[in-house]
Amino acid sequence: MAVAEESGRTREAGREVRELETAVVRFAGDSGDGIQLSGRLFTLSTALAGHGLETFPDFPAEIRAPAGTTYGVSAYQIHFGGRRVRTVGDRPDVLVALNPAALRVHLEGLAPGTVVILDSGSFTERNLRKAGFARDPRTDGTLASFRVIGIDISDLTKRATAHTGLGVRECLRAKNFFALGLVFWMFDRDLAPVEAWARARFRDRPAVLEANLAALRAGHALAETTEIPQLPSFRVPRARFRPGLYRALTGHEAIAFGLVDGARRAGLPLFYASYPITPASPVLHQLARMRGLGVTTFQAEDEIAAVSAAIGASYAGAIGVTGTSGPGLDLKQEAIGLAVMAELPLVVVDMQRAGPSTGMPTKTEQSDLLAALWGRHGDAPVVVLAASGPADAFERAREAVRLAVHHMVPVILLADAFVANAAEPWRIPDLAREPDWPVRFRTENGDFRPYARDDRMVRPWVVPGTPGLAHRIGGLEKDEFGRVSYDPDNHERMGRARWKKVLRVAEDLPPAELEQGEPGDCVCVVGWGGTWGPISRAVTTRRRRGERVAHLHLRHLWPLPRGLGELLRSFDHLLVVEMNRGQLVRLLRGEYLVDARSHLATRGRPFAVDEIERAIDAMVEEHCR
Amino acid sequence: MTAPRLHPRDYRSDQEVRWCPGCGDYAILRAVEKALAAVGADPDRTVFVSGIGCAARFPYYLATYGFHGIHGRAPAIATGVKIARPELDVWVVGGDGDMLSIGTNHLIHAVRRDLDMVILILDNEVYGLTKGQISPTSPVGTRTPSTPLGSVERPLSALRVALAAGARFVARAADTDRDLPDILVRAHEHPGTAVVEILQNCVVYNDGAFAHVTGREVAAEAQVRPVPGEPLVFGAARDKALRVRPEGGLKMVRLEEVDPADLPRFDPTERELAVMLAALEPPMPVAMGVLLEDPAAEPYERALRRREEEAAAAGPTDLGELLRTGPVWVVPG
Ligand code: SF4
């Protein structure tokens, strides 16, 4: 029998039950604590439970930062619930902190009443000092407004796993499974899928498997008994999804899958060349496991070699792709210019991260837009796309291949560290029912001019090995016949043609369209790439309050979508929200002479919804009342 | 399948050659045409890839497929071409600036991977196209507009770099050497990356840079041309030879002073000897010809292809199938 307490809270069998439309759970601990694994397994369970979800893995650049330090804290947040979840969640409802440093890092911004689960076994004087706590926060009032539940997870894990014969250190590594067991009970989750996963994963290490399973069950059992009566449980509704077959999809996977699908639809082998760089390397890893699908991966000696080899592969009749992050994009720019000049297809995936220079390699940012658009010497136009989330990254990746091969042009696909690492439920498309768009190489002899253009300004793609069409291309300016030319009028003509060819790609793309709202609304929030979620949510909440606020989200940054200028001019006010110091806003102001304003932040993490809501409210307050 | 044999001039494109009159590149171009004719190369299946510099204009002058890339990156571009299309015949041409300065990294890694292609390094010990600055192979003391007081840095040796990177075929020749076409044919036949260093005379900025080695009157004394199975004999009177010093390196001896049985015989598959030969500099004789030819390994692109075929046999080959493996769930309609 449930008894109403405060709103959304009831008691059942004497224990508190909290009802939430969506919930946010954050796991935090040392980077060696297996936090990312806990998060991924909780995500798997959440997806299988039928919730909408969005995740935010947040980890340090150091692989094994010194234990117990604040800079070694790794975290994984998941936001899930009874609707399509668009954001990672502003604040957690449950924080699991496996050591004092994790508590310290994540204390800021916690809402009153948040359930904070601590491993009290780790709150030693030494660890408190390392975390920078002068006094024990559990007893000095710091945590007074939260529901703090201290459990000696370390000791209980040791005891639950003692029978496995593993050493103490190894036993302690199962702490994350113990914590997972606790959280599973709180959200009424089935242990079976995670047990099945663990059995497959640790097949070759039976003792480790046994320790993890024992810890998982011990955590779950502890929560179930009344030994910690203050531990609440949660009720979160399932989401209504379109019927179909689903899987969890990360941005990395999405890009790999999209590239493979694009190459297959073009009828070309995929050649992916990359130099290891955070946070792009997982795309290389994913594709390297897909070699049976017409994929060749190539780990190059440097960023320049990676893009050069990709260009070589495109020249030879594959679709050459290179993946990187900001520092690598800088290095590749000269070669991208070569592909512009040679008019060869090329896809460059840039997983943007916080810059400049090395910046914060594992943290997200959107600060490579202008570099992608204009960062090469000479007039070197390319197509620039941006992925707004994992599912969109799949579409953009295959679109990048399509545009590159059908317009003989380099395409830069911008994603970011957040999109790359985030996971969301994805309805698996029925690929067999979608149309292919095969490439046709030029093979006919007679009247062959390497730079003759069709009505879309596109030159023919002739691959070496084609009888009778041997020709030379390269970085020097050429005339239509492929002859080196210093003729002033020819350079004028070719420069215009390269520019126009890229602008015409817009005809092959959907026109500008609003995500929410109507043309002519008072405020239009304009975003691009990985900020889609928080903007979308913030605009939804404002529209529910009756505000005339629209959301426009750009996935095509160059060429810009048809009709964009007209659409932008229909609004009274424009608010461009982006994670940089003002890049899209400069582009829109320059292209359309609109008085767009900015809301900018570069903190290395996604926007919180309420931050965007406040920015909208300020604009509405000033102009729309 | 194979087209009728072509004459060397059939490999010439219709483009007007724009090197300075008298440039060593002309002779090299002729040698390459002869080599292509000798191996019966199909121009439609042959690709020349280059970087930037005088030497890098090469692809324009040949009637094959050609890709004139960016400075230093030719080996990397060629790597992509060869991996994507192993059946193509890929040649890389660059100068000392391309290969031993801005793009050395790519040279090293192309050689290390051992793709089946030929890399020609046209070394003239100077930057020609940018008007005569020192190059990474210029000797100490070279005076140029960028080093008016004479350079102080030591030169790099193309073949020593290639050997350090694990090259299995290295050769050295002068631009006008009569056996250059033969050397190119052997480089082409080698199943792996073949590196050929060609001493190329830049008549404008560094005329006669190699005269002390290649000059007709001095060549016999200034060069050693190893012959398989033979001792390393040289000299106008063929009265000198090379032997291995116990502490390493080669030493010059007079034939009359040694027992010929003590002299090492040249074995082109012997890497240590090739390293010592490649390192010889005046006043020792400079080693010319094929110094190492050790065709043992499987070229990179073939090994890679084999793994891909194995993967295709083992794993899913369809994306739709792959997407449905792993944790999935059904939302009922
Ligand atoms: S500058 Fe020297 S290397 Fe260049 S074309 Fe003239 S002679 Fe040949």
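Predicted model: local features only at pLDDT ≥ 70, side-chain atom pairs only at ≥ 80, totals over all residues.
Biologist: Where in chain B is Arg238(B) found, and what is its phi?

Modeller: Arg238(B) is in the loop that runs between strand S10 (233-234) and strand S11 (240-244) of chain B, and its phi is near 50 degrees, a positive value in a residue other than glycine.

Biologist: What makes Leu593(A) exposed or buried?

Modeller: Leu593(A) has 10 C-beta neighbours inside 10 Å; since buried requires 20 or more and exposed requires 12 or fewer, Leu593(A) therefore counts as exposed. Leu593(A) sits in the loop between helix H19 (584-592) and strand S25 (596-600) of chain A, and, although not a glycine, has a positive phi of about 50 degrees.

Biologist: How do you know that the peptide bond from Thr278(A) to Pro279(A) is cis?

Modeller: The omega of that bond, from Thr278(A) to Pro279(A), is near 0 degrees, and the bond is cis. Pro279(A) itself lies in the loop between strand S12 (270-274) and helix H10 (281-288) of chain A.

Biologist: What is omega for the peptide bond from Trp558(A) to Pro559(A), and where is Pro559(A) found?

Modeller: For the bond from Trp558(A) to Pro559(A), omega is near -5 degrees, and this bond is cis. Pro559(A) is in the loop between strand S23 (556-558) and helix H18 (564-570) of chain A.

Terms used
Residues numbered from 1 in each chain as written. Chains lettered and ligands numbered in written order. Helix = DSSP H or I, 4+ residues; strand = E, 2+ residues; numbered from the N terminus.
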